[in-house]
Amino acid sequence: MTPLHCYLLLSALLFAIGLAGALTRRNAIIVLIGIELMLNAANLNFIAFWRYGPNPQALTGVMFVIFSIGVAAAEAAVGLALIISIYRHCRTTNLDEVDSMKG
Amino acid sequence: MSWPFAIIAVLTLTSAVAAMSLRNLVHCALALTVTFAGLAAFYLQLDAQFVGFAQILVYIGAVAILIVFAILLTQRGEPPRPSIYSATWVVGVSIAVAVFGVLGGLVLSSQAVTREVRPPPDISVREIGEQLMTRFILPLEVIGLLLTAALIGAVIIAMHERRPK
C-alpha cells in the first residue's frame with residue numbers, strides 16, 4: 001500500500017495549486033474554485049490520517065470529512081450567490097474592477 | 001508507491017493545474033470535475049467508500065453544476081481580457097511555492113508519518129448511519145441548520161434587488 005507521506009505530499013501540492021489559483025486569478029469564480037481545491041486537499045489529509053492512524057475503526061476521520069463536505073457545500077452556495085449579486089451590481093466578475101465599498 | 005496511486009495522482013494534479021490556469025471558464029469547471037473524481041478515487045483507495053461516493057454526489061453532482069450555472073449567468077458579453085492573471089501574480093505564486101515548501105519539508109522530516117499500515121477497517125454504511133444518529137447527532141443537527149441557513153441566505157443574496165421608484 002502507498003505510504004502515508006505520499007498522500008500528505010499530494011495533498012500539500014493540491015493545496016498549493018489551489019492557493020496559487022486563488023491568489024493569482026482575476027475571475028471571482030476561479031478564486032472560489034481555488035478555495036474548493038484547498039478544502040478538498042484538507043479532506044484528503046483527514047482521510048489519510050484516519051486510515052493510517054492508530055484506530056481506524058473509530059470512524060472519527062470519516063465523520064469529520066462528511067461534515068466538512070457539508071460545510072464546503074454551504075460555502076460554495078453562498079459564495080456563488082455573492083458572485084452573482086456582485087455581477088448584477090458591477091456588471092463584472094473581475095476582482096480588479098470590484099474595488100468600491102459604496103455602490 | 002503503487003501504480004494506481006501514481007496514475008490517479010498525475011491525473012488529479014494535472015487537472016487541478018488546468019482548472020487554475022485555463023482561459024475558458026467552462027474548461028476550468030470541467031477540469032475541476034476531473035480533480036474531484038480523482039479525489040473520490042483516492043478516498044476509495046483509502047477504504048473510505050462512503051466518503052468517496054459522497055464526494056462524487058456532492059462535488060461532481062452539485063458543486064460543479066453550481067459553478068457551471070454561475071459561469072453561465074455571469075459571462076454575458078464580457079470583453080476578452082488581455083490577461084487572466086492579476087498584476088501581482090508573482091507574489092501569489094511565490095506565496096504558494098513557499099507554503100508547499102514548508103508543508104513538504106515538514107511532511108518529509110516528520111517522524112509521525114512513518115508508521116506501519118494497519119489492516120483495512122471493516123466499516124458498513126449501516127455503522128456510519130448508527131454513529132450519525134447516536135454519537136454524532138449534535139454535529140448532524142448543526143450541519144442541517146447550517147445548510148438551511150446557507151440555502152435561505154443564498155436565495156436572498158442572489159434575489160433581484162427591488163429598485164425604489
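The second largest pocket of this predicted model is lined by 15 residues, and Ala16(A), Ile17(A), Ala20(A), Gly21(A) and Val93(B) lie nearest its centre. Helices here are DSSP runs of H or I with at least four residues, numbered from the N terminus. With 6 residues, α1(A) gives the most to the lining. The pocket's volume is about 270 Å³. A pocket is an open set of points on a 1 Å grid over the protein atoms alone, where a 1.4 Å probe fits and protein lies on both sides within 12 Å along at least five of seven lines; lining residues have an atom within 4 Å of a point. The volume is the space filled by probe spheres set on those points, which are joined across faces, edges and corners.

What classes of residue make up the lining of the second largest pocket? The lining has 12 nonpolar, 3 polar and no charged residues. Ala, Val, Leu, Ile, Met, Phe, Trp, Tyr, Cys and Pro count as nonpolar, Asp, Glu, Lys and Arg as charged, and the others, including Gly, as polar.

Now follow helix α4 of chain B to Leu106(B). Leu106(B) counts as exposed because its relative accessible area is 53% (exposed is over 50%, buried under 20%, partly exposed in between, with a 1.4 Å probe and protein chains only).

Residues are numbered from 1 along each chain as its sequence is written, and chains are lettered from A in the order in which they are written. Local features need pLDDT of at least 70, side-chain atom pairs count only at pLDDT 80 or more, and totals for linings use all residues, while side-chain values use heavy atoms, without hydrogens and water.

Notes
Helix = DSSP H or I, 4+ residues; strand = E, 2+ residues; numbered from the N terminus.
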